[in-house]
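Hi,

Here is the structure I promised to pass on. Have a look, and my notes follow below.

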Amino acid sequence: MGNYKIKVNIEIVESDEAISSGPEEIETGVFEFNISPEAATSIDACEQALLSTNYPALRSALAHHLETLSQKKRKRHQPQGFGK
């Protein structure tokens, strides 16, 4: 089994999209949270938005990773011709 790389990418960009009530999953491990201009200028509000977006993204990515490993392990231990 090879090594694994963990990558985290955080982007804070201006957007014309509506403010969201919380983080929304865009794809596995990728979440967005649209905040107000006022929140974007507050260190405490920005930090809270980043933390609340980070947690579900971490959980989603970790669950996907462990599921993928489990499937690989099952395939390696499955006898030839089994399940066909």
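This is a predicted model: local features need pLDDT of at least 70, side-chain atom pairs count only at pLDDT 80 or more; totals for chains, interfaces and linings use all residues.

Ser 60 lies in helix 2 (helices are DSSP runs of H or I with at least four residues, strands are runs of E with at least two, both numbered from the N terminus). Ser 60 is buried, at 15% relative accessible area (buried is under 20%, exposed over 50%, partly exposed in between, with a 1.4 Å probe and protein chains only). Its C-alpha atom is 6.1 Å from that of Thr 28, which is 32 residues away along the chain.

Residues are numbered from 1 along each chain as its sequence is written, and side-chain values use heavy atoms, with hydrogens and water left out.

The largest pocket has a volume of about 1500 Å³ (a pocket is an open set of points on a 1 Å grid over the protein atoms alone, where a 1.4 Å probe fits, with protein on both sides within 12 Å along at least five of seven lines; lining residues have an atom within 4 Å of a point). The lining counts 36 residues, and Asn 9, Ile 10, Val 30, Phe 31 and Thr 53 are the closest to the pocket centre. Helix 2 gives the most to this lining, with 11 residues; strand 2 (30-32), helix 1 (37-40) and helix 2 (43-77) each supply at least two. By class, the lining has 20 nonpolar, 10 polar and six charged residues.

Ile 10 turns up again on the surface. It sits in the segment before strand 1 (24-27) and is exposed, at 58% relative accessible area. Together with Ile 6, Val 8, Ile 12 and Leu 50, Ile 10 makes a nonpolar patch of about 570 Å² (patch residues have over 30% relative accessible area and no salt bridge, and nonpolar side chains are joined within 5 Å).

Asp 16 is also in the segment before strand 1, and is exposed, at 85%.

Cheers

Notes: Patches are made of residues with over 30% relative accessible area and no salt bridge: like charges are joined within 9 Å, nonpolar side chains (Val, Leu, Ile, Met, Phe, Trp, Tyr) within 5 Å. Accessible areas come from the Shrake-Rupley method with a 1.4 Å probe; for residues, only the protein chains shown count as cover. A salt bridge is a side-chain nitrogen of Lys or Arg within 4 Å of a carboxyl oxygen of Asp or Glu. Grid points are joined across faces, edges and corners, and a volume is the space filled by probe spheres set on the points. Ala, Val, Leu, Ile, Met, Phe, Trp, Tyr, Cys and Pro count as nonpolar, Asp, Glu, Lys and Arg as charged, and the others, Gly among them, as polar.
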